[in-house]
Every structure is written in C-alpha cells, then in structure tokens.
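Trainee: I am new to this structure and would like to learn how to read it. Could we begin with the ligand and its surroundings?

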Amino acid sequence: MTTTPQVVVHRDKDELAQAAAARLITTVVEAQTARGTASVVLTGGRNGNALLAAVAASPARSSVDWSRLDLWWGDERYLPDGDPERNVTQATETLLASVPLDPARVHPMPASDGAHAGDVDAAAEAYAAELAAAARPEDHAPVPAFDVLLLGVGPDTHVASLFPEHPGVRETERAVVGVHGAPKPPPTRVSLTLPAIRAAREVWLLAAGADKAQAAAMALSGAGEIQAPAAGAYGTARTLWLLDSLAAAQLPRGLYPPASP
Ligand SMILES: O=C1O[C@H](COP(=O)(O)O)[C@@H](O)[C@H](O)[C@H]1O
C-alpha cells in the first residue's frame, strides 16, 4: 500500500527535533496502549541523533514503557563494535544508555568484528533472519510491521544506506543487504531495503538544512526511487516528511502548506 506523503515544516532544526521527539513519544505510548508493545526503527545521522537527544531531555519520556519497546536499525556502518561512527554507538550515548530498555528487545545490526567478521553480506543475512524471527503471521512480511521507522534523508536523497543508482536500492526480494562502495564513508554498510522499509506502519523522513532542500524537493516531486531512494520510502498507514524551513525551501508550490480541498 502506498500512502501519500504528508509534509510538516518546522522553523529550524531544533524545533524539528523537539516536535519529532514529542510525536515519537506519543506514537510509542499509543502503540503500547493499543497492542501492549511498540517497535521503532532508528536512523543514524544528524537529525536522527538530535531527535534522540530531544527524547532524552523530555520529561514525557517517563510515559514510555521502555521495557516493552523493540528497537531495530534501518542501517549501520559496518565497523567494529563500539566504533564512534556506528549508529548504535551514537544512539546508545545519546539516549539508550539512560532508559530502562530490555536488552533482549534491542537489535543492533552486526559489527564488523562480530559473528560474521569481515563478511558484510553474511551479516546482512543474519539481520534478515533476526527480523524474520520477530515477524508475526499477521505482519504478512518477513519483517515486523514496525510502528515507526525513522529515516534521515541525505543531500543525495539516500535513506538508510540505500544510495541513488546503487544495487541496494534495486533490491526487491531481500529485507537486508550488505552495501559495498557506498559514496558516503564508510563504504561498507548494512541496510534495510525499500520492501522492508515499506512494511512499517509509519515512515518518518527527517531533513534539516539548506543542503537537504534539493533532495526533499526531488523526492516529493515524483522522482523515481532508483534515482531518489527517499521517494520510495513510505509506510502502510502514514508517510511523514518532517522538515525545517531550510530543507523545505525548494518544495513545489502547493505541497506545503497542503492545498485546500
Ligand atoms: O550515513 C548516514 O546518513 C544518513 C543521513 O545523515 P545526515 O547526517 O545527513 O542526516 C542517515 O540517515 C543514515 O542512517 C546514516 O547511516
């Protein structure tokens, strides 16, 4: 199912982080109220980390039952465990170390010195197997129907570690791929694919700053997902673009604010 993107524009990157954090806390609490648990896919990057910092600083964070939250990652830099460039290292320092998560529900992507040392494709397969084991029959997919999947949007329109015209963005079968030769360092990465991303109920794309303006405009103007991977990221219930005013500066007229009916 394709959901039409909704666009929300905030004044600046700080307001974006605060508002997205409040939205995430509310959505997680609602999912836990409705289904008992919640699942969130985290992103790396500046906006993803700013969002986590805002959650950490929010008094409302105590309304989340952290022990009933499943955490996954949309992509990872294939580096040794604890490397400061790894998305999980940054998320742990920013938020995860300070909330009472159940370690069994935290699912970092493999590190380059872990069980599949040096073999990023085997690491991707292992993560796909972990996702498949967590998927329920009612999810109708080899991955869980995540409640919220967060994606930072790169200036080149990449999301997760799916880069324009790269093999990963063309993947239609596998849920997770090893990425070789990424144009953004480090070159070796692990990434969810577009089909896995599209299994999420809600997909939120985050972008702030003038260097993201062209990417947001392109992805929201009908570009193809091979050329603009962000254009292929949507949720089954909702697709939300959370921008600051600089990133929204080149959006087509009528897209924001929404055209009146
Ligand atoms: O390398 C990555 O970059 C993107 C975007 O990062 P940003 O700093 O430009 O916002 C991020 O979404 C991805 O998770 C990360 O691995």
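Mentor: Please keep in mind that this is a predicted model. One begins with pairs of N or O atoms within 3.5 Å, which count as polar contacts. Here, a backbone N or O atom of G44 lies 3.0 Å from an oxygen atom of the ligand.

Trainee: Which distances separate the ligand from the side chains of D75 and K212?

Mentor: For D75, an N or O atom of the side chain is 2.6 Å from an oxygen atom of the ligand. For K212, a side-chain N or O atom is 2.9 Å from a ligand oxygen atom. The ligand has 400 Å² of accessible area on its own, and the protein covers 97% of that area.

Trainee: Where does the ligand sit, and which residues around the ligand come nearest?

Mentor: The largest pocket holds the ligand. There are 14 residues around the ligand, of which R46, D75, R77, K184 and K212 come nearest. Sorted by class, this shell consists of 7 polar, 6 charged and 1 nonpolar residues. At least two shell residues come from helix 2 (46-57), and at least two from strand 4 (75-77).

Trainee: How many helices and strands are in the protein, and how should I read its radius of gyration?

Mentor: The protein contains 6 helices and 9 strands. A compact globule of 261 residues would have a radius of gyration near 18 Å, and the protein's value of 17 Å agrees with this. Along the principal axes, its C-alpha trace spans about 50 × 40 × 35 Å.

Trainee: What should I look for in the backbone itself?

Mentor: Most peptide bonds are trans, and most residues other than glycine have a negative phi. Against that background, P185 and P186 are joined by a cis peptide bond with omega of about -5°. P186 belongs to the loop between strand 6 (176-179) and strand 7 (189-192).

Trainee: What is the phi of H140, and where does H140 lie?

Mentor: H140 is not a glycine, yet its phi is positive, about 50°. H140 is located in the loop between helix 4 (120-134) and strand 5 (148-152).

Definitions and conventions. Residues numbered from 1 in each chain as written. Predicted model: local features only at pLDDT ≥ 70, side-chain atom pairs only at ≥ 80, totals over all residues. Heavy atoms only, no water. Near = heavy atom within 4 Å. Polar contact = N/O pair within 3.5 Å; in protein donor to acceptor, adjacent residues only side chain to side chain. Areas by Shrake-Rupley, 256 points an atom, 1.4 Å probe, with all protein chains shown as cover. 1 Å grid on protein atoms, 1.4 Å probe; cavity = no way out; pocket = protein on both sides within 12 Å on 5 of 7 lines; lining within 4 Å. Sits in = over half its atoms within 2 Å of the grid points. Helix = DSSP H or I, 4+ residues; strand = E, 2+ residues; numbered from the N terminus. Nonpolar A, V, L, I, M, F, W, Y, C, P; charged D, E, K, R; others polar. Rg over C-alpha atoms; globule rule 2.2 N^0.38 Å.
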